[in-house]
Amino acid sequence: MRAASIRRYGPLLAALLLLAALGGALASVVRVRADLAEFLPPGHTRASEFLARELRSGVATSLLLIGIEGVPPQELARLSRSLGAALRASGRFSFVGDGTTSLGDAEQALLFRYRYLLSPETRPEAFTEPALRARLEALLDGLRSAASPLLARFGFADPTGAFLNLARSWLGESHLETRDGAWFAAAASPPRVLLIARSQGAGLDTEAQQQAVREVREAFAAANPGPARLLLSGPGVFAAQAAATIRGDVHMVTALSGGLLAAFLFWRYRSLLLLALAAVPLGAGMVAGMAVTALAFGSVHGIALGFGMTMLGVTVDYPILLLTLRQRGESLPQAAARIWPTLRLAAVAAALGLVAMLGSGFPGLVQLGLFAAVGLLTAAVVTRWVLPRLLPEARIEARPLPRWLAHPLAALRGRHGLALGVVAVAAGVLLALGGPRWQRDIAALSPVPRASQALDEELRRQLGAPDVRYLIALGPGEEEMILRASERLEAALAPLVARGALAGLDLPSHYLPSRATQQARQAVLPEPDVLRERLQAAMAGLPFRANAFAPFLAAVAESRSLPPLDAAALAGAPTIAARLSPLLSRRGDAWQGLAVAKGVTDPAALAAAVAGLHDPAILFVDTKGETEGLLASFAHATVLWAAAGGVLVFGLFAWALGGLRPALRIAAPVGGALVVTLAVLAAAGEALTLFHLASLLLLAAVSIDYSLFLRSSPGSPNETGSSMGAVLNCAVCTLLTFGLLAFCGTPVLHGIGLTIAVGVAAAFLLACAAVPRPALRA
Amino acid sequence: MKNSRRALVRGFALAAAGLALPVRAQEPALEALMRGMAAVRERQESFTEEKAIPELDLPLPSQGTLHWAAPDRLEKHTTSPIEERLRVQGDRLFYERPDRGIAREFGLEEQPEMRALVESIRATLAGDLAALRRYYDVNFSGSADGDWRMALTPLSVRLRAAVQRIVLAGHGPQILSIETDGGGGVTRMQITPLP
């Protein structure tokens with residue numbers, strides 16, 4: 001008995017094990033890429049190229065935004081200080097900002113020493129006798145005022161106020177309320193403290209990002225938080241969170257749909273063997289698709305893999321059709337040979353439809369198309385030649401449809417008018433809503449739940465993080481070249497700032513002037529004897545002691561021969577270096593600079609002014625406009641190629657079925673199902689993304705199956721009945737496998753699920769209605 | 001002769017004991033003073049101030065009024081030689097120089113030097129010993145209802161760079177003088193209650 005069952009099921013078991021082993025081996029060998037930016041095209045313009053690079057590895061990608069709330073303010077401040085200290089001590093962060101952020105002593109000493117090279121106030125006129133006189137009077141006045149402790153400390157070494165003005169401009173007026181060494185979000189209820197941290201790893205390094213997130217969580221837990229809540233955001237958090245949410249959703253849906261699918265198949269076939277059989281072509285398709293994609297591209301993108309697998313869901317239909325359409329007395333190989341022409345046509349048509357993706361120019365979509373096309377064809381071939389041999393004796397038979405189901409379905413047959421009416425109404429709705437809406441916001445492509453995106457926005461706003469919509473790229477090139485470009489830009493935009501077209505610019509040269517500028521400032525500083533004479537003249541009649549300004553004279557003399565500061569030397573001033581690092585960073589051999597325009601009220605004027613510079617090292621980037629343009633061009637290209645794919649598939653039908661009319665009969669329900677689905681999505685307010693597109697292509701593929709198989713049973717009403725049963729089984733399986741995703745919280749999965757649930761139902765019902773009414777027989 | 005010598009020795013011994021007395025032994029008196037301070041909800045005083053700065057030949061004089069309203073509002077209004085208002089309330093510091101059209105508002109935490117100066121007086125007026133000890137080592141001598149002297153040494157090294165020592169002196173719940181040593185200079189403030 002046991003030997004018999006091993007003989008019987010052995011080949012099937014072996015095939016499944018082999019596929020599992022191959023899949024496992026591939027998964028360990030093939031590199032799976034995870035970040036969204038890799039999925040996008042490299043960009044057609046310099047601006048979009050720059051943007052794509054920033055998205056991939058820009059400094060913004062290594063930022064962590066941290067909030068704490070849920071306990072009284074004093075406790076919040078303690079947690080903030082403790083967390084900030086722990087993060088600094090960990091060495092994993094290049095910058096930790098919190099309420100304790102101020103210049104350290106060593107840092108202050110370095111910047112103080114370089115004040116005359118760094119300060120834009122170092123101009124010839126600042127060191128003339130009248131200018132010095134005015135400064136000394138102001139100092140005296142300041143010493144009388146409440147600010148005297150600060151002035152007594154710095155004023156005699158720096159009567160021109162170069163350092164204090166620098167510190168003020170660097171550290172700026174914060175939007176945040178600092179209390180007890182912590183940043184409190186302004187007017188937040190309940191009270192919330194904020195921190196910001198930049199991890200060492202580049203944004204691309206997902207592992208480093210997740211490690212940084214873990215570090216924050218552990219440091220928080222170690223600070224005895226009690227009932228306090230930690231709020232975390234930033235790209236690194238998103239990556240980890242998205243993976244976890246999707247995993248959770250998928251687990252839930254897999255368990256649920258697996259159970260329902262098994263129950264359904266058992267009800268229809270009284271056999272769970274079918275599940276194992278259905279897994280063979282699917283598994284073979286995935287392994288082949290992954291192998292070919294990896295060979296062609298060197299790696300497989302996680303998104304292409306995920307959605308490729310979704311689209312291969314259509315291959316579950318093949319074994320179901322094979323087993324259900326087997327006629328009494330026919331062996332499985334015979335049945336496979338008989339349905340092969342239809343199956344072949346269905347698979348080739350579906351694969352041809354994927355040409356749309358190969359032509360889209362999106363690296364991710366090309367991968368997805370290749371993956372799915374190879375997988376589909378492989379699954380069809382396996383269903384034809386391998387599956388029958390695994391279980392030649394299989395006696396799995398679908399039970400006839402119950403009357404309550406068979407009756408209405410039979411009544412639906414031949415209702416062309418009804419089908420046309422439904423499609424016409426859907427088309428009308430679609431037209432009235434202005435056609436399908438394309439998602440233009442790149443954030444919607446992100447698999448991050450909406451609640452997390454909202455938290456991110458809130459933390460950013462509270463932290464006063466700059467709006468990075470308008471960027472000006474500087475370089476790439478040498479450090480000095482970028483700093484000079486930054487200075488040219490500042491000079492060119494000064495009139496616009498004065499006019500109020502923008503509130504200001506955050507520039508790398510603001511923190512680190514170019515070497516040329518520093519040297520020019522050194523040249524401006526008067527010789528010691530000259531300065532001493534002018535100072536003495538300026539001091540006349542003021543109550544300063546004769547040698548009161550000795551430190552000033554010494555500092556100016558020293559400044560004249562200091563080696564200019566560069567980015568490497570500025571590392572000795574961590575607070576300022578941290579401000580500079582997002583604006584000036586090394587990318588391989590070259591440096592990339594970045595200027596952020598703040599409070600832009602007249603973007604057109606800004607763009608025109610930057611363009612008017614005709615400076616090859618300065619490039620204006622409207623990040624929102626660029627990404628929207630990117631997505632719009634993607635949508636445009638995709639629609640074109642989808643249309644081309646549709647024409648190709650239609651041509652294939654016409655050729656294979658011998659005429660336009662039969663081709664139209666097959667294609668009509670497919671087109672109708674797509675129109676109905678698009679109408680429902682538009683009415684539900686869903687904007688179309690890549691993920692909807694992948695689902696629509698899956699939908700097109702399954703509806704081709706339905707249409708072809710329902711049509712291709714020319715025989716008795718019994719047979720049409722059985723093919724209707726077979727197709728219904730396929731549709732329900734697809735619904736149970738993918739439609740349940742509609743209940744997921746992750747936007748991506750929800751989009752797929754909704755599209756497929758609506759589409760499969762429409763495709764099946766339309767295909768049924770398109771089948772001719774059975775001839776009346778005695 | 002012998003007696004007087006003995007008295008002298010005893011005097012020295014007492015003085016030595018007094019000097020050697022642990023700070024905490026003055027705790028009840030200090031706490032009593034703080035309670036007395038806390039009981040005064042509002043004060044209106046005039047002040048004169050002299051800043052001696054080593055780089056200047058002459059000290060810089062100024063005068064004006066002080067106004068205190070419990071629990072946390074303190075205003076220093078300088079009327080001469082320049083007009084200037086400095087007001088703290090809660091954690092905010094308001095600074096006004098009408099002749100220059102300057103009006104600024106700061107978070108006190110952003111100005112650690114200022115915070116220390118503020119709390120030396122404000123925490124004392126509020127009778128908040130804990131707040132005082134958050135910033136200073138407190139060395140008290142005297143009695144709560146008579147003359148007293150309180151020397152404050154900043155706890156943070158960073159603060160000590162700007163302010164080395166603040167000595168408050170007074171009688172009962174009234175501060176009469178504040179002497180601030182910082183950066184080699186001394187600022188002396190004399191306070192007189194207004195009727």
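Predicted model: local features only at pLDDT ≥ 70, side-chain atom pairs only at ≥ 80, totals over all residues.
1. Helix α15 (residues 332-353) of chain A packs against helix α17 (residues 363-390) of chain A: their axes come within 9 Å and cross at roughly 175°. Angles over 145 degrees count as roughly antiparallel, so α15(A) is roughly antiparallel to α17(A).

2. Which residues of α15(A) meet α17(A)? From α15(A) come Leu332(A), Pro333(A), Ala336(A), Trp340(A), Leu343(A), Arg344(A), Ala347(A), Ala350(A) and Ala351(A). Facing them in α17(A) are Ala373(A), Leu376(A), Leu377(A), Ala380(A), Thr383(A), Arg384(A), Pro388(A) and Arg389(A). By class, the residues of this contact of α15(A) with α17(A) are 13 nonpolar, one polar and three charged.

3. Now chain A as a whole. Chain A has 33 helices and 13 strands. It counts 778 residues, of which 46% are buried. Take the contacts in chain A between residues at least 6 apart in sequence: 81% of them join residues at least 24 apart.

4. Next, the interface. Here 21 residues of chain A are in contact with 23 residues of chain B. Three elements of chain A each supply at least two residues of the side that touches chain B: α7 (129-144), α8 (148-154) and β4 (177-179). The largest share of that side comes from α8(A), with five residues. In class terms, the side of chain A that touches chain B holds nine nonpolar, five polar and seven charged residues.

5. Chain B has an open sheet. It is formed by 11 strands, and the pairing is antiparallel. Follow the order across it: β6-β5-β4-β3-β2-β1-β11-β10-β9-β8-β7 (chain B). Which strands stand at the edges? They are β6 (102-107) and β7 (136-142) of chain B. Each has a single partner strand, so one side of each is left without a neighbour in the sheet. From one strand to the next, the twist averages 15°.

6. One pairing in that sheet deserves a look. Strands of a sheet pair through backbone hydrogen bonds, either parallel or antiparallel. In chain B, strand β2 (residues 60-69) and strand β3 (residues 73-80) pair in the antiparallel sense, over seven bridges. What stands opposite Glu75(B) in β3(B)? The residue is His67(B).

Definitions and conventions
Residues numbered from 1 in each chain as written. Chains lettered and ligands numbered in written order. Pairing = 2+ DSSP bridges. Helix = DSSP H or I, 4+ residues; strand = E, 2+ residues; numbered from the N terminus. Axes fitted to C-alpha atoms, helices over the stretch in contact; angles between N-to-C directions. Buried ≥ 20, exposed ≤ 12 C-beta atoms within 10 Å, placed from the backbone. Contact = placed C-beta atoms within 7 Å. Nonpolar A, V, L, I, M, F, W, Y, C, P; charged D, E, K, R; others polar. Parallel < 35°, antiparallel > 145°, perpendicular 65-115°, else oblique.
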